[in-house]
Amino acid sequence: MKLSSSSALPAAIARPGYPRERLKPRIVHIGFGAFHRAHQAVYADRLAAEHASDWGYCEISMQHGRQKIADLQRQELLYSVAEMDDGGWRGRVIGVVRRALHLQADGLTAVLEAMADPQVAIVSLTISEKGYCHQPASGQLMANHPAIEHDIAHPLQPQSAPGLILAALRLRRRRGLPPFAVMSCDNMPANGQVTRNVITQLAQCRDAELADWLRREVAFPSTMVDRIVPAVTPETRQRLQSLLGGVEDDAGVACEPFSQWVIEDNFPQGRPAWEKAGAELVRDVLPYEEMKLRMLNGSHSFLAYLGYLAGYQHIGDCMQDTDFARAARHLMLAEQAPTLQTREADLAQYADSLLQRFSNRALKHRTGQIATDGSQKLPQRLLDSIRWHLAHGSRFDCLALGVAGWLRYVGGQDEQGQPIELEDPLREPIAALVAGSEQGQPRVLALLQLEAVFGRDLPGNPTFVSAIGHAYRQLLAQGAKAAVAALPSFDTEGGY
């Protein structure tokens with residue numbers, strides 16, 4: 001039996017106790033992925049259940065997610081979220097989705113009309129870094145991206161998320177409707193500014209007047225989101241079905257208990273009272289973004305590449321290796337913390353809480369999942385911190401080994417000689433550079449020429465090139481486990 005409003009669920013499962021018909025789809029969300037289902041939608045569900053909020057969601061998926069939207073529609077727009085740790089699983093059914101559309105299945109007209117609905121005040125996104133069609137090193141529009149080239153030539157038939165949002169804003173302007181706020185919930189520094197950049201620059205390519213209107217009238221609030229949400233596996237689905245008393249939920253998701261959301265309070269057409277559900281509304285998100293991107297996401301990437309090469313399947317497995325756990329703490333406190341703008345947070349306490357979360361073996365967060373799309377993640381997670389250290393003349397051993405781990409990973413073969421299936425929007429140019437270079441320093445020098453990742457400054461910096469080359473040779477000679485074990489330790493005085 002599929003999940004529905006009439007499903008007989010165990011008493012421990014929290015269900016929507018509010019009249020769902022009261023909710024209005026005032027937020028359109030693009031990207032009905034696991035993270036959104038386990039994060040933003042849960043905040044809205046808590047507000048509806050505990051504070052009589054009438055803010056609901058219209059969910060939109062573009063190229064991917066067609067089956068998930070169909071699954072959701074078959075389940076009366078209901079799905080479940082399970083929080084999991086070593087103590088067990090706890091679940092709730094989410095009822096705040098009021099409409100769900102897929103661009104290809106339902107058509108562009110239906111999607112644009114949903115976004116042009118006068119009651120829509122916010123369009124939010126979880127489309128991953130690559131969905132913004134931007135240069136990760138600069139945050140600017142990637143004008144030669146195939147989808148962007150199409151959208152410039154055919155602005156009324158968009159293929160990219162920036163193109164879709166621009167088309168909807170153009171339609172609202174033509175109808176005399178106020179623009180919605182555009183809220184990115186993806187892991188990028190100044191994600192609101194990046195979103196503003198790509199959409200206004202795309203508009204500028206065809207309509208300078210529209211671009212000026214966007215700059216004047218449209219709000220692009222930044223956010224910081226945090227919750228570990230592993231990819232759903234067959235095992236996850238079986239555990240969810242058991243938790244729901246035998247009821248099947250094809251759109252369900254499992255995650256860690258921890259959740260955080262920091263939001264720039266800039267919503268001209270209104271917003272939900274997210275603070276009542278535990279979100280933080282602030283004037284400047286950047287210090288929170290940097291802390292999370294560098295300390296959490298940066299160490300996640302470090303563990304993902306080096307752990308994968310060492311043969312560890314999950315982050316929890318890496319944390320059972322005392323050398324990996326020690327190196328992760330050193331990375332956070334000795335190499336990432338000094339680069340941060342925040343001066344108020346207890347960074348040692350934050351690091352220890354992250355290590356505890358990483359050690360949650362119930363999550364089974366795959367190193368291979370975190371390792372995807374590395375070309376989009378490295379700049380904000382590792383490379384910006386390295387730039388700080390280069391400017392200050394300080395050491396960055398862990399950061400260098402993390403970057404070298406990515407260079408080794410994209411070579412397409414692990415330490416056991418098994419092939420690595422690379423998932424990355426720059427897969428083709430990466431593969432060409434790998435194929436055209438010999439193993440060792442020539443490989444390093446070739447891959448460092450990826451300007452979209454490393455910019456122009458880092459490949460021209462001898463200190464950077466030397467450090468990455470040394471770390472890469474260590475990986476070749478010793479393997480990932482030994483290279484991590486050889487890293488320095490963070491001492492109680494906060495240094496090397």
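Is N191 buried or exposed, and what is its relative accessibility? That was my starting point today. I kept in mind that I'm looking at a predicted model.

**Entry 1: N191**

I looked up N191 and got 0% relative accessibility, so it counts as buried. The cut-off I needed here is under 20% for buried. N191 sits in helix α8, which covers residues 191-204. Next I checked what N191 touches, skipping residues up to four places away in sequence. I found S184, C185 and D186, then S222 and T223, and also E289.

**Entry 2: the open sheet**

What is the strand order in the open sheet of 5 strands? I read it off as β5-β2-β1-β6-β7, with parallel pairing.

Then I zoomed in on β2, residues 55-61. I counted 5 bridges joining β2 to β5, and these two strands run parallel. In this part of the sheet, S61 stands opposite H102 of β5.

I also wanted to know what packs on the sheet. Helix α7 does, and it touches β1 (24-30), β6 (122-125) and β7. The direction of α7 makes about 175° with the direction of β6.

**Entry 3: α7 against α9**

At what angle do helices α7 and α9 pack? I got about 90° for α7 (residues 161-174) and α9 (residues 208-217), and their axes are 11 Å apart. That angle means α7 is roughly perpendicular to α9. From α7, the residues in the contact are L166, L169, R170 and R173. They meet E209, L210, W213 and L214 in α9. Sorting this contact by class, I wrote down 5 nonpolar residues, 3 charged ones and no polar ones.

Which residues of helix α10 are buried? In this helix, residues 234-243, I noted T236, L240 and L243. Looking down the axis of α10, I saw that its buried residues fall within an arc of 60°, so they line one face of the helix.

I turned the model to see the face of α10 away from its buried side. That face carries P234, Q238 and S242, which are exposed. Back on the buried side, the cover over those residues includes β3 (79-85), β4 (88-94) and β9 (253-255). After α10 comes G245, with a positive phi near 70°.

S128 is not a glycine, yet its phi is positive, about 70°. I located S128 in the loop between β6 and α6 (146-153). With 24% relative accessibility, S128 counts as partly exposed.

Where is D373? I found D373 in the loop between α15 (367-370) and α16 (374-392). D373 isn't a glycine either, and its phi is positive at about 55°. Its relative accessible area is 7%, so I put D373 down as buried.

Note on methods. Residues numbered from 1 in each chain as written. Predicted model: local features only at pLDDT ≥ 70, side-chain atom pairs only at ≥ 80, totals over all residues. Heavy atoms only, no water. Helix = DSSP H or I, 4+ residues; strand = E, 2+ residues; numbered from the N terminus. Buried < 20%, exposed > 50% of the residue type's maximum accessible area, 1.4 Å probe, protein only. Contact = heavy atoms within 4.5 Å. Axes fitted to C-alpha atoms, helices over the stretch in contact; angles between N-to-C directions. Parallel < 35°, antiparallel > 145°, perpendicular 65-115°, else oblique. Nonpolar A, V, L, I, M, F, W, Y, C, P; charged D, E, K, R; others polar. Arc of directions from axis to C-beta. Pairing = 2+ DSSP bridges.
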